[in-house]
Amino acid sequence: MTADPVLTLTRDQYLELEKIGLGAFAPLTGFMTEAEFLSVVATMRLPGGAVFSLPVVLDVDAETAAWLQALPVVDLQYGGERVGRLTPRDYFRCDRPAVARQVFGTDDPAHPGVSYFFGLQAVFVGGAVEFTGRSARREIPDELTPRETRDLFQARGWTTVAGFQTRNVPHRAHEYLQRVALEHVDGLFIQPLVGRKRAGDYTPDAVMTGYRALVGQFLPADRVVLGSLSTLMRYAGPREAVFHAIIRRNYGCTHFIVGRDHAGVGSWYGLYDAHELTRRFDGDLGIEILRLHGPYFCPVCDGMVTDKTCPHAGGPEVREVSGTDMRRILSGGEKPDPRLMRPEIVAALAGTALFIED
Ligand SMILES: [Zn+2]
């Protein structure tokens, strides 16, 4: 008897399989078939009508696709370990520039999400997956699953929970958004995204260390759960905001915070495009979107404010807090303005590698 045929997954493919298998991408139960892919790209809905805004595909080269076509089922391996099975159902290619224009709003390969999409192997294989269990080689061993967070929220007696997505070391603008949310809901689920990111982004260790310092010292620990989400950053701006909301719904959140330029990169998207797009799906996402304006520090008002609460917006005195600026300051070894980033968090980061290298 010969062993079952095996398809070895890359790290990125494993992470997609894991999220499908854990229910983080529900209602998805496999890698997208062509019908699902085309429907999601064109309408941001699966063929059954459920909102789903981004493709989730398994890419293989043409030779592997031909080999798979003869197989009813294939074992999936990652790092030498069996992690699941795939029932391959269809094999397809797409007009990548046309898809990129719909998904990312551009087909310019200077856009990091577009360039990643263009770099995927030639053929996408769709089909249901059976997930055996998380790989022992996963990078965040204690990452909470959707099942675990749902149980945790219930054990804490929370009926409303706001999810917060971030890729940054905590700064005071994000902290402001978190406090605003905490005024409305029972609990806050801070879930930094720690999947594939670009050189110059914060390391997962820096983000998690910063948040442990924030939650331990400045936010009420009994009202906050700190998790992580090891999935790819896709840089799809507004569509990714919808995707991030769906994921947090699956982890048990009832609310999701969408701030300024959510999942944006460079200046590809308008600052509040994600507010507009999520509004289109109000009542249909299974999670309520808290659309918040980007806070800034106003020395006249003397505090963190937004253009909804301060009349000095756009004035010469206001201090914008962007993750990009914070990165630039920290990478230059400068001490950030304490009104923009807490010194206790900067201190907690001492000795931690801050940025992903090329
Ligand atoms: Zn002001």
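**A parallel sheet and its surroundings**

Tutor: Strand β8 (residues 187-192) runs parallel to β9, and three bridges join the two. The model is predicted: local features need pLDDT of at least 70, side-chain atom pairs count only at pLDDT 80 or more, and totals for chains, interfaces and linings use all residues. Residues are numbered from 1 along each chain as its sequence is written.

Some terms are needed here. Strands (E, at least two residues) and helices (H or I, at least four) are DSSP runs, numbered from the N terminus. Two strands pair if DSSP finds at least two bridges between them.

Within this pairing, Leu188 of β8 stands opposite Val224 in β9. The two strands belong to an open sheet of five, in the order β9-β8-β7-β10-β11, with parallel pairing. Its edge strands are β9 (224-226) and β11 (288-291), each of which pairs on one side only. From one strand to the next, the twist averages 25°; axes are lines fitted to C-alpha atoms, for helices over the stretch in contact, and angles run from 0 to 180 degrees between N-to-C directions. In a regular strand the side chains alternate between the two faces of the sheet.

What lies across this sheet? Helix α7 (residues 172-182) lies across β7 (161-166), β8, β10 (255-258) and β11, and runs at about 145° to β8. Contact between two residues requires their C-beta atoms, placed from the backbone, to lie within 7 Å.

For contrast, consider the antiparallel pairings of β6. Strand β5 (residues 81-92) is joined to β6 by eight bridges, the two running antiparallel, and Leu86 has Val129 of β6 as its bridge partner. Strand β3 (residues 58-60) pairs with β6 in the antiparallel sense over three bridges, where Leu58 is partnered by Val125. Strand β2 (residues 30-31) pairs with β6 (residues 123-131), also antiparallel, over two bridges; there the partner of Phe31 is Gly127.

These strands are among the elements that cover the buried residues of helix α1, and the cover also includes β4 (74-78) and α6 (146-155). A residue is buried if 20 or more other C-beta atoms lie within 10 Å of its own, exposed if 12 or fewer, and partly exposed in between, with C-beta atoms placed from the backbone. In α1, 10 of the 12 residues are buried, so the helix is largely enclosed by the rest of the structure. Among the buried residues are Tyr14, Leu17 and Ile20. Just after α1, Gly23 takes a positive phi of about 85°.
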